[in-house]
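Please take a moment to look over the model shown here, and then read on for a guided explanation of it.

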Amino acid sequence: MDLILFLIFATLAVVCAVSLVVQKQPIGSALSLVGVMGSLAVLYLLLGAEFIAAVQLIVYAGAIMVLFVFVIMLLNAREENPAGRSWPSRLLGIPLLTVFLGLVAYLMQRMAPSMGTVTFGSFNTGAKEIGRSLFNQYLLPFEVTSVLVLIAILGAIVLARKEID
Amino acid sequence: MNFFLISLIKMGIVTAAFMTTLAYLQWIERKVLAHIQSRVGPYRVGPHGLLQPLADVIKLAMKEGFIPSHVNTFFYLLAPFLAVFFALISICVIPFGPSVEILGVRTDMGLADLSVGVLFILAISSAGVYGIALGGWASNNKYSLLGGLRSSAQMISYELPMAIALASPLLILNDLSLRTIVNEQAGYYLGIIPKWTIFQMPFPQVFSFLIFLISGFAETNRVPFDLPEAENELVAGFHTEYSSMGFASYFMAEYANMVTFCSLATVIFLGGWHPVFPAAYGSDFVPVLLLLAGAAMLLYHGVVQPTQGRPWDKYTMPAAGVIFALIAMVFLAPVLKPILIPIFWFVSKAGFLMFTFIWVRGTLPRFRYDQLMNFTWKFLFPLAIVNLLITAFAVALQGPKS
């Protein structure tokens with residue numbers, strides 16, 4: 001049962017990821033990305049990480065992608081006309097992609113024996129444990145990250161605000 | 001296999017009840033609005049207009065599903081499906097009652113008990129905006145697009161106060177599973193004041209309840225926050241170009257969101273299925289008394305002032321009165337009591353909230369768009385944060401729960 005679900009949603013994630021790249025409509029790409037996020041959330045759920053799955057949906061599908069869709073709709077982005085690709089990119093694209101995929105496959109194969117196997121439902125940590133470790137063990141990185149986000153927000157406001165004479 | 005069978009039966013029951021509620025909620029809304037405005041509302045179809053939902057469904061299903069030539073067909077068809085899918089799915093984590101024994105089988109009343117039930121509902125409700133935004137965009141119509149834009153901005157903005165208002169009761173209740181949350185609210189202070197979250201020490205969550213309710217009006221696109229479909233500005237907003245089942249899906253999604261939202265508020269703030277006062281003081285007889293009072297009123301009106309209208313209209317009220325009295329008798333049966341009493345409390349609390357939604361729709365005018373945004377970012381959001389801070393301090397002062 002778990003394996004069937006895994007195969008369905010892993011395929012869905014890959015299909016959505018491919019569709020994200022090949023779609024011509026910007027909104028189609030955005031929705032494909034939502035599909036990827038949703039499938040990943042289901043994969044997390046299969047591993048037993050319910051909290052991570054829910055947060056994945058809330059943060060990525062619910063907040064970030066809604067903002068993307070909002071901006072696409074606001075700018076009313078139309079279908080992209082594919083710009084003529086230059087000859088080096090045509091010449092090098094497919095070989096480079098093959099080399100990259102081969103490298104990834106090789107590294108995975110090298111690393112695989114040293115890593116343990118993962119079973120469905122093995123990451124059974126609840127929200128309580130995650131919260132505890134976030135505020136005890138990882139308090140400093142957590143706080144530093146929030147300060148970083150705050151700086152980013154301030155920077156965005158400074159860049160976007162109108163000059164007042 | 002037993003588990004699958006029970007789940008299947010429960011799914012069937014919940015789906016049937018949910019769909020009927022959706023259809024009749026619309027009837028109730030029209031009736032209540034009509035009475036607020038001194039009209040009678042739907043009256044001609046069936047006794048007292050009771051078959052109106054059926055007629056509406058048949059009408060909507062029979063209409064031609066017209067696809068305008070200028071729309072983006074794929075997204076145009078996908079959008080209402082998304083809207084109704086996300087609206088219907090979140091009911092499956094709501095617990096309706098305690099675990100009961102029916103015919104020797106022990107089972108929870110409710111479909112699934114996720115350990116992150118609250119987050120699941122938040123995730124699904126935040127995904128619900130896609131249906132509206134996409135429908136507005138795919139319609140390729142400036143009114144629809146404006147409606148879709150407004151809805152996405154509005155829902156992003158109101159999700160913040162809503163999530164923060166939800167966080168403060170969770171600090172007190174100390175769990176994310178909705179069933180555990182309801183169980184935490186059992187019991188009474190001084191034997192009479194229920195331990196619901198809005199009354200629970202160390203800091204009663206009245207403010208979070210109000211913030212949650214107000215954001216809920218915005219999340220479900222209801223008056224006074226129905227900017228995405230403001231009739232006098234945007235024709236019909238995001239669903240201008242939809243007819244037949246597409247329109248029906250949006251309609252259904254709105255009511256389904258309302259039901260889910262009211263159930264969630266009931267579960268988190270109003271103690272779920274726990275009665276208002278202890279069973280020791282006879283709270284089990286409240287449904288019987290209420291139904292008998294309703295029956296008496298209907299009989300009085302039906303017999304003393306018979307309705308003028310079609311020949312059979314004068315029998316409607318007395319017949320409804322008799323039916324009410326019979327239902328009241330059902331509540332007295334000792335076998336059914338452990339099932340019906342929790343359901344009654346849950347439904348009456350959620351029903352009261354739904355009535356509030358309709359009441360507000362009949363009373364308040366619509367916000368202007370800048371007022372809407374100022375209200376959430378400059379008032380509701382800071383208030384929710386202050387409330388969260390006070391709750392956190394109170395919980396920290398109280399120390400860990402025993």
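Predicted model: local features only at pLDDT ≥ 70, side-chain atom pairs only at ≥ 80, totals over all residues.

Residues are numbered from 1 along each chain as its sequence is written, chains are lettered from A in the order in which they are written, and side-chain values use heavy atoms, without hydrogens and water.

Chain A brings 23 residues and chain B 25 residues to their contact, where contact means heavy atoms within 4.5 Å. About 2100 Å² is buried between chain A and chain B, with 75% of it on carbon and sulfur atoms; buried area is the accessible area (1.4 Å probe) that two parts lose on being put together, summed over both. Of the area that chain A buries against chain B, 26% is supplied by A:Leu31, A:Val66 and A:Met73, more than by any other three residues.

Between the two chains there is a count of 1 salt bridge, a term for a side-chain nitrogen of Lys or Arg within 4 Å of a carboxyl oxygen of Asp or Glu. The side chains of A:Lys128 and B:Asp175 form a salt bridge at 3.9 Å, N to O.

Turning to chain B, B:Phe85 lies in helix 3, residues 73-89, a helix being a DSSP run (H or I) of at least four residues, numbered from the N terminus. B:Phe85 has a relative accessible area of 38% and is therefore partly exposed, the class between buried (under 20%) and exposed (over 50%), with a 1.4 Å probe and protein chains only.

Terms used
Helix = DSSP H or I, 4+ residues; strand = E, 2+ residues; numbered from the N terminus.
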